[in-house]
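Please open the structure in your viewer and keep the selection panel at hand.

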Amino acid sequence: MQSVKMVVTGPFNAGKTEFINSVSEIDIVATERKISSEIEKIKESTTVAMDFGRITVDEDLVLYLFGTPGQKRFDFMWEILSEGMLGFIVMVDSTRPETFREARRILETFRAYAPTPYVVAANKQDCEDAWEIQDMRIALRLDPAVRLVNCVATDKESVKSVLLQLLFSILEEMDLQESVNN
Amino acid sequence: MALKGNLRDFTITQLLNLVNLARKTGTLVLEGPNGAARIVFREGKLAYAQAGQEDNSLVSVLYRANKLNARQQRIVRENAGNVPDKELGLLLINANYLSQQDILSSVQHHYYEVVTSLLTWADGFFRFENGLAPPAGKIAVRVNLENLIIEGTRRIHERQQLQDEIPSLDMALKFTERPGTNLRKVNLNVEEWRVVSFVNPKNTMRQIGRATKMNDFEIRRIVYGLLQAGLVEIVRPDGAPQPAAKPGRLPVSTITGSKEERKSLLNRIIGRIRSL
């Protein structure tokens with residue numbers, strides 16, 4: 001049995017756990033704890049080590065989805081989680097511009113750990129306060145070539161679309177590398 | 001959809017950049033601890049700006065720009081009454097008081113200065129309201145935002161440098177114990193004296209900033225000057241806890257594969273995800 005992994009990262013409360021939960025065939029192995037910080041008490045609990053979801057592809061292959069802890073003090077986990085990943089998804093809460101800078105920092109950190117393909121998922125696009133995708137691209141300083149995808153982490157079809165966009169990016173990157181080598 | 005947030009997380013320079021790139025038309029409303037401001041844009045260019053309750057009538061703008069002297073200003077105010085700025089501008093041009101260029105360049109300079117003064121706002125709320133035009137009767141201009149963005153970036157850079165030099169405002173200050181340092185012989189301005197009067201290991205820089213009504217940027221800039229002059233040094237506040245140790249590393253495992261294998265895997269995964 002072979003296994004591959006993708007990492008779902010992003011700032012605190014961006015929707016990483018919900019994202020994995022929407023497509024995982026097992027109840028995600030979540031490592032959540034009650035929030036202790038007053039500042040971060042916008043939800044009851046948060047991921048302190050990693051979330052762990054699974055999709056069985058066929059009898060020989062399993063895809064694991066790892067969600068990183070969103071709180072800054074657990075960022076020492078990121079390098080460990082990023083090793084060997086096929087690619088990663090940066091979840092950004094479209095309704096909380098105060099987290100955009102942190103999302104950019106996380107993106108750059110993961111790029112430094114592993115220069116693998118990635119997509120940015122603009123989560124909570126179904127909310128009234130959500131920023132428009134074009135505005136988010138400018139705010140996050142994303143290159144036009146980077147895929148910035150609409151997302152609603154609680155919606156399975158939306159999550160599938162984000163995962164597929166990442167897989168297409170990985171394929172494109174492979175083709176590009178082959179053409180350069182040839 | 002909403003374009004709103006806090007200036008702590010999203011600077012005015014970043015907002016100007018966004019408006020410029022997206023060629024937006026509308027009004028950026030800012031509400032900070034020091035007051036409120038409105039900046040109007042038309043297709044990504046600055047059209048109008050107003051900070052707080054400042055008098056930005058055309059007569060005042062022209063007087064500040066030395067296009068009208070005090071006597072002319074008084075005469076125009078007495079004769080013009082409540083005539084809107086646009087009409088007043090035309091009257092001044094027709095009366096050969098001023099040229100169109102004089103008026104436009106003065107108004108442009110005024111709006112530019114208003115926005116420049118806002119660039120150091122590091123706290124407060126913002127919202128962008130699509131399509132809102134300048135107030136009726138006010139003269140709208142078309143000023144490219146690039147220079148403002150560059151100026152804003154320079155100020156942010158200065159702020160970041162100060163932040164690097166003084167990372168935490170939760171530290172305190174104390175006077176250096178060098179013999180021969182006599183504050184009375186040093187030329188300090190009023191703001192520096194206000195800060196100096198609070199220097200004490202019991203007061204954090206943040207508390208000094210609050211007491212002197214200075215924002216983080218201003219208090220850092222003054223403390224940096226005092227540090228460079230060797231008058232003060234940064235110390236841990238009396239009774240503050242020691243910082244915690246960093247956590248240790250966890251074991252690591254790696255997943256690898258050749259290009260062909262990975263490509264095959266990817267196509268299988270794509271098929272599976274589609275079928276979910």
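Helices (H or I, at least four residues) and strands (E, at least two) are DSSP runs, numbered from the N terminus. The model is a predicted one, in which local features need pLDDT of at least 70 and side-chain atom pairs count only at pLDDT 80 or more, while totals for chains, interfaces and linings use all residues. Residues are numbered from 1 along each chain as its sequence is written, and chains are lettered from A and ligands numbered from 1 in the order in which they are written.

**Stop 1: chain A**

Select chain A and colour it by secondary structure. Chain A contains five helices and eight strands, and along the sequence these follow the pattern β-α-β-β-β-β-α-β-α-β-α-β-α. A residue is called buried if 20 or more other C-beta atoms lie within 10 Å of its own, exposed if 12 or fewer, and partly exposed in between, with C-beta atoms placed from the backbone. By this rule, 45% of the 182 residues of chain A are buried.

**Stop 2: chain B as a whole**

Now select chain B. Ten helices and seven strands are found in chain B, and buried residues make up 25% of its 276 residues. Two residues are in contact if their C-beta atoms, placed from the backbone, lie within 7 Å. Among contacts in chain B between residues at least 6 apart in sequence, 77% join residues at least 24 apart.

**Stop 3: the sheet of chain B**

Strands of a sheet pair through backbone hydrogen bonds, either parallel or antiparallel. Here, two strands are said to pair if DSSP finds at least two bridges between them. In what order do the five strands of the open sheet in chain B lie? The order is E1-E5-E2-E3-E4, with antiparallel pairing. Strand E1 (4-6) and E4 of chain B are the edge strands, each pairing on one side only.

Select residues 35-42 and 45-51 of chain B, which are strands E3 and E4; six bridges join these antiparallel strands. Phe41(B) has Leu46(B) as its bridge partner in E4(B), and Val40(B) stands opposite Tyr48(B). E3(B) and E4(B) form a hairpin with two residues between them, and in the turn Glu43(B) has a positive phi of about 50 degrees.

H5(B) lies across strand E2 (26-32), E3 and E4 of chain B, and runs at about 70 degrees to E4(B). Such angles run from 0 to 180 degrees between N-to-C directions, the axes being lines fitted to C-alpha atoms, for helices over the stretch in contact.

**Stop 4: helix H4 of chain B**

Select residues 85-94 of chain B. Which residues of helix H4 are buried? They are Asp85(B), Leu88(B), Gly89(B) and Leu92(B). These residues lie on the same side of H4(B) because they cover an arc of only 105 degrees around the axis, the arc being that of the directions from the helix axis to the C-beta atoms. Glu87(B) and Asn94(B), on the other side, are exposed. Just after H4(B), Asn96(B) takes a positive phi of about 60 degrees.

**Stop 5: where the chains meet**

Finally, display both chains together. The contact takes 33 residues from chain A and 30 residues from chain B. H10(B) gives the most to the side of chain B that touches chain A, with ten residues.
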